[in-house]
There are 4 protein chains.
Amino acid sequence: MSGNSIGKLFTVTTFGESHGPALGAIVDGCPPGIELDTADLQKDLDRRKPGTSRYTTQRREADEVKILSGVFEGKTTGTSIGLVIENQDQRSKDYSKIKDRFRPMHADYSYQQKYGTRDYRGGGRSSARETAMRVAAGAIAKKFLAAQGISIRGCLTQLGPIAVENVDWSLVESNPFFCPDADCIPQMEEYMQKLRKDGDSIGAKLMVVASGMPPGLGEPVFDRLDADIAHALMGINAVKGVEIGAGFEAVTARGSEHRDELTPEGFTSNNAGGVLGGISSGQDLVAHLALKPTSSILIPGKTINMEGEPVDVITTGRHDPCVGIRAVPIAEAMVAIVLMDHWLRHRAQNAQVSSATPIIPGSD
Amino acid sequence: MSGNSIGKLFTVTTFGESHGPALGAIVDGCPPGIELDTADLQKDLDRRKPGTSRYTTQRREADEVKILSGVFEGKTTGTSIGLVIENQDQRSKDYSKIKDRFRPMHADYSYQQKYGTRDYRGGGRSSARETAMRVAAGAIAKKFLAAQGISIRGCLTQLGPIAVENVDWSLVESNPFFCPDADCIPQMEEYMQKLRKDGDSIGAKLMVVASGMPPGLGEPVFDRLDADIAHALMGINAVKGVEIGAGFEAVTARGSEHRDELTPEGFTSNNAGGVLGGISSGQDLVAHLALKPTSSILIPGKTINMEGEPVDVITTGRHDPCVGIRAVPIAEAMVAIVLMDHWLRHRAQNAQVSSATPIIPGSD
Amino acid sequence: MSGNSIGKLFTVTTFGESHGPALGAIVDGCPPGIELDTADLQKDLDRRKPGTSRYTTQRREADEVKILSGVFEGKTTGTSIGLVIENQDQRSKDYSKIKDRFRPMHADYSYQQKYGTRDYRGGGRSSARETAMRVAAGAIAKKFLAAQGISIRGCLTQLGPIAVENVDWSLVESNPFFCPDADCIPQMEEYMQKLRKDGDSIGAKLMVVASGMPPGLGEPVFDRLDADIAHALMGINAVKGVEIGAGFEAVTARGSEHRDELTPEGFTSNNAGGVLGGISSGQDLVAHLALKPTSSILIPGKTINMEGEPVDVITTGRHDPCVGIRAVPIAEAMVAIVLMDHWLRHRAQNAQVSSATPIIPGSD
Amino acid sequence: MSGNSIGKLFTVTTFGESHGPALGAIVDGCPPGIELDTADLQKDLDRRKPGTSRYTTQRREADEVKILSGVFEGKTTGTSIGLVIENQDQRSKDYSKIKDRFRPMHADYSYQQKYGTRDYRGGGRSSARETAMRVAAGAIAKKFLAAQGISIRGCLTQLGPIAVENVDWSLVESNPFFCPDADCIPQMEEYMQKLRKDGDSIGAKLMVVASGMPPGLGEPVFDRLDADIAHALMGINAVKGVEIGAGFEAVTARGSEHRDELTPEGFTSNNAGGVLGGISSGQDLVAHLALKPTSSILIPGKTINMEGEPVDVITTGRHDPCVGIRAVPIAEAMVAIVLMDHWLRHRAQNAQVSSATPIIPGSD
């Protein structure tokens, strides 16, 4: 019950279904005096928005956000910020065929089991459309963090079999895949065209990096920074794995090689991904996440209907063949929300967080 | 601030440092009427206890837990359960050498940055010794869940380069590695002896499986079951990666292959790891986690001291060469705590959780 | 920070300023399958609505609520319910005169101190207009509780010097004061007319009663039912005192007279107000609250301006001369929210709450 | 479920029954670097301790607290502080007579209804003995607040019919009633001797005042400072009413008289009790509370037994004839816990809280 909130001091609560009248959020705990405008939110909403390339769902949504409270004369007041986005391009009748059957690998079945009912139109609350409000809220956090010198960037590091080898951040915003490797972009275009023709879907891997991190964010022992990042990222639709720093590569590593040594000039490496003992070290925070292929595909599959009888299913609604692509701004937003929450928690304990002087420099 | 609690309805709060007088926990939200005895807790504490084989730290701790409240005439009363374990084998002077320098890849540095001070004896609060109370609290959750038909098992699936190929649960408790594959056990013995001789450490991979799962556990959209599992597992000392079901293998999977189809007899596969849209499906919950090699090794490394000057460091205290091994009961405990919390949350919404009739059977 | 939420399992989060574009709420944790319609919410909103009699503020607001999510085909889905009410009758220029000075006894001063800024138009977030969303959310709780046999009623028991002597619930909805005593109504009319002529304001006392209470609601030791009721009622604008049962009369009472004895037919009295040791006993829950006179009056007063200089102030905006009157549905709503939250918390522990069989009957 | 915690950033969680082996608490969120010693806690524990005068229960408890974690080299480390007090003078057999019957006006009945069981020895968790840990935790908050210039004092303002007229704080600690009025002390002595002879009990009224308050503490709209104070005080055993400032006197007050005007020299009065719109104004925080007479008295009363049959009951265990007396340090502790929590929450938003410059001075 009541699982639609995240964050302890900077708290984001959301509502809204894929085919309902609107999506919304309440962003609570934003300090006063921050310049805030819908344009600050729209930038990231537009990056997440459907229908911007042939590689995403063709649903057309302007995703125009309205700020209903918490901002006065262009600045935050310290009170709760109400946000709303109206849905515009619902085609609910597309879903009448799947009203009585469960898409395999979809929340259809578990929602029906949990609630004894479900809004089958576009997945209702389980739709990735819900993540628009995360991006809007995350944009507020990004703006706050930027003023503290912290910046958050995300990119696609693998699309199915195509793995990125070089990360050039300057490329990320200029291609429809958020891909940081020039060599991979044409391969991805080709792969996605073939995939769409097949009516199939594919998984992806993303990376999010926060730079300019102060040391000291994270609260032992349960509210560790890495634990909260894992919570926030695993809670994004379709995510099945999360790594911090070296992640699963640590399994085969020896301590003598794996450790990030300290020198007066800084750390010699960043296998830790910027977190030691659950607390930020001042190095870049580095997280990776794995997204499964969407279950909404055109290739018929076996399933059951509401009576438990075997039936076939095809999903003809509009869907992303690779949900990982549009997840880049979502993952950035979730990291921003967690970092802002921990930044405030740390300041509660130590007023000097913003001007903390690390013993050694962070990695950027 | 105040990060030492986990769980919303079943809430575990802990205290205690590696070299302080005692460790303790308050377990809040346990329903009344459950038979509970220290023996129920001691079983798992003994599995985690140091010094039981040559492959773990040689610190000697009985880890005898006392129940100070919440149990009356052999049964829980519904009020908060106070637990305490006294520390016995502190050798704090072992740590005087590292008092003024930071072990690389250790919480030494980040704690000092966060708090401006730290209990350097054995890592203080950042020590894995803290996890004893998690295991004690988790044992209460395990007992509750067992009465609902849910059982939780963990094992080691990889130790450095040695990866398990077959999972035979009957082997797990009879070898010092919690290894489920008979072929791997002698290899692991040999590897660990060599490692200890080298004074080095190694990473590991674990798996935890919950069987007998009811459908419906997990709360969209932020308190998803998989998100809370990720939070709980990433919050264990040394964990750097968490996967649910297929995890990072989903990156290269096509939707048409990856989806778990539904039939009247059950699901045809379990790539989802038992969670759809953040809600349990009734299949086995399957999670994997990666643990880094401990940073406390005998091989000298570069670091800095409290003044930021370059120095060398060797850790001569007693440490586990592979912290992943003893993490098996800890990971089980964390999964149990999350599941009990969500079980109760689900019952708040739907009194019938324990007798829910899935449309199709789960996987066991 | 982030103080705009109430409730643990049934959680209400609100936003909105007096003169902003809209007010809103997210109601999280409502079980699925409950028939819900805007009409269910509108009834109580209309009771709280301004401008319905000459004894309240003359601001005209339809207070029409929209349900933006969480309801599908006429029933709740179990997901978060988004609510919004658009503001219609802002006259912000009324407030330009007090932009640079603090109304005595008003949140103007404390908001300015806390945030370094404030939305001075109508008090912004500190306006009682904010309580409209509490009433809307409370109406959902009332509907849920009614299905469990619990009903909540409130009335005015004192308006300045005029104290109610007899409580006839049938009168409450048919007079503009929510007054349950026929003799008092004409006195109150006369008093209020005189008061309005004087440009002054007056305090009031209210009573809220919940009948059909199951025993067992409330969680020792901090989340007691009475403590949470006190929290919810003291958090209403202008409330300065809260009593449970006999309240301050208990100060002069002897234990031998004050105790509510138990008989097979029920309790012999209800000095406890339905709560023993923080847990409901099954008797009626009875709470009283004191509301101060509003500070927004036409009689000039001394204050300071933003520069700390002495100035006079008169409030010419539209205000209630007795805020206690319209607080009746607000107080009911707050009690309903707390009771629903505790009802769900209790069911988490004991699935049988709704059919609990008390050892002796409650008082109605 | 899980109601044994209070506070969001400064969080106190307690355990322990009247006749169990020990009481304990975990104090989480205390900033590092604060000098802390058991003596700091013992001072207030001794003020609350039973058996210090003939006017309290004759149970003998040393109430010696041990600090088990969170303090290193005499200072807090920022990690969770574990506290424990061993029970010494249990006489559980005193309670065998009431094992099967409910004391009227006691938690016996509601605990039995809620949990289906209860620890009948001395009331188990419902015993006021539980409050020892609140006092210990509150002493930590008091020490922190004192360093910020905030001091908290409490006194008895009415004992049954004897109401205090003058408050002379210098008297409070030198008489067994915490009474601040020299004229009342002999009357109270006489009254209590008579009461004890009668085997009866009596109610009381207390006042708590916090001086040196910074403006800005409290979070609209639900986590208001006054709402959280009401929650904390109403949650003390036997409390039935809470007032802030003028409290119930506000009911008959006119706005023109009641308002606290502002002048460059400060406020002209303090009817608000230091809170405007839920946020501290910088004036003294003033709260009053009413405590009922204890239900454990020697005068026989009517009740029922576990089978619902009518029986008589006499309580022969050791009890306070006026629980209000020893509640003074408890009420101070609860106010301290709430203030420290809000102080930290406010600092999270505004690093300058400790050096905030009010526009006008507070009242001391």
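Me: Leaving aside its neighbours within four places in sequence, with which residues is P50(D) in contact?

Reply: This is a predicted model, in which local features need pLDDT of at least 70, side-chain atom pairs count only at pLDDT 80 or more, and totals for chains, interfaces and linings use all residues. Residues are numbered from 1 along each chain as its sequence is written, while chains are lettered from A and ligands numbered from 1 in the order in which they are written. Two residues are in contact if their C-beta atoms, placed from the backbone, lie within 7 Å. With neighbours within four places in sequence set aside, the contacts of P50(D) are T56(D), T57(D), R59(D) and E61(D).

Me: Is P50(D) buried or exposed?

Reply: The position of P50(D) is in the loop between α1 (38–48) and β4 (65–67) of chain D; helices (H or I, at least four residues) and strands (E, at least two) are DSSP runs, numbered from the N terminus. A residue is buried if 20 or more other C-beta atoms lie within 10 Å of its own, exposed if 12 or fewer, and partly exposed in between, with C-beta atoms placed from the backbone. P50(D) has 20 other C-beta atoms within 10 Å and is therefore buried.

Me: How far apart in space are P50(D) and C30(D), C-alpha to C-alpha?

Reply: In sequence, P50(D) and C30(D) are 20 residues apart. In space, the C-alpha to C-alpha distance between P50(D) and C30(D) is 28 Å.

Me: How many of the residues of helix α5 of chain D are buried?

Reply: Helix α5(D) covers residues 225–234, and its buried residues include D226(D), H231(D) and M234(D). The helix is largely enclosed by the rest of the structure, because the buried count is 10 of the 10 residues.

Me: Is the peptide bond from P220(D) to V221(D) cis or trans?

Reply: V221(D) belongs to the loop between β10 (204–211) and α5 of chain D. The omega of the bond from P220(D) to V221(D) is near 0°. This peptide bond is cis.

Me: What is the phi of F178(B)?

Reply: F178(B) is part of the loop between β9 (162–163) and α4 (184–198) of chain B. F178(B) is buried, with 25 other C-beta atoms within 10 Å. The phi of F178(B) is positive, in a residue other than glycine, and is near 55°.

Me: What is the phi of A238(B)?

Reply: A238(B) sits in the loop between α5 (225–234) and β11 (239–244) of chain B. A238(B) counts as buried, with 23 C-beta neighbours inside 10 Å. Although A238(B) is not a glycine, its phi is positive, at about 80°.

Me: What is the handedness of the crossing of α3(B) and α7(B)?

Reply: Helix α3 (residues 131–147) and helix α7 (residues 323–349) of chain B pack at about 50° with their axes 7 Å apart; axes are lines fitted to C-alpha atoms, for helices over the stretch in contact, and angles run from 0 to 180 degrees between N-to-C directions. That makes α3(B) oblique to α7(B), since angles under 35 degrees count as roughly parallel, over 145 as roughly antiparallel, 65 to 115 as roughly perpendicular and the rest as oblique. A crossing is left-handed if the near helix is turned anticlockwise from the far one by less than a right angle, and right-handed if clockwise. The crossing of α3(B) and α7(B) is left-handed.

Me: How many charged residues does the contact of α1(C) with α7(C) have?

Reply: In this contact, D44(C), R47(C) and R48(C) of α1(C) meet R326(C), P329(C), I330(C) and A333(C) of α7(C). Ala, Val, Leu, Ile, Met, Phe, Trp, Tyr, Cys and Pro count as nonpolar, Asp, Glu, Lys and Arg as charged, and the others, Gly among them, as polar. By these classes the contact of α1(C) with α7(C) has 3 nonpolar residues, no polar residues, and a charged count of 4.

Me: By what turn can chain B be laid on chain C?

Reply: Copies are superposed by least squares on the C-alpha atoms of residues with pLDDT of at least 70 in both. Chain B is laid on chain C with an RMSD of 0.0 Å and a shift of 0.0 Å along the axis, by a turn of 180°.

Me: Which residue of chain A comes closest to the rotation axis?

Reply: Chain A is superposed on chain B by a rotation of 180° with 0.0 Å of shift along its axis, at an RMSD of 0.0 Å. At 2.3 Å (C-alpha), the residue of chain A closest to that axis is H231(A).
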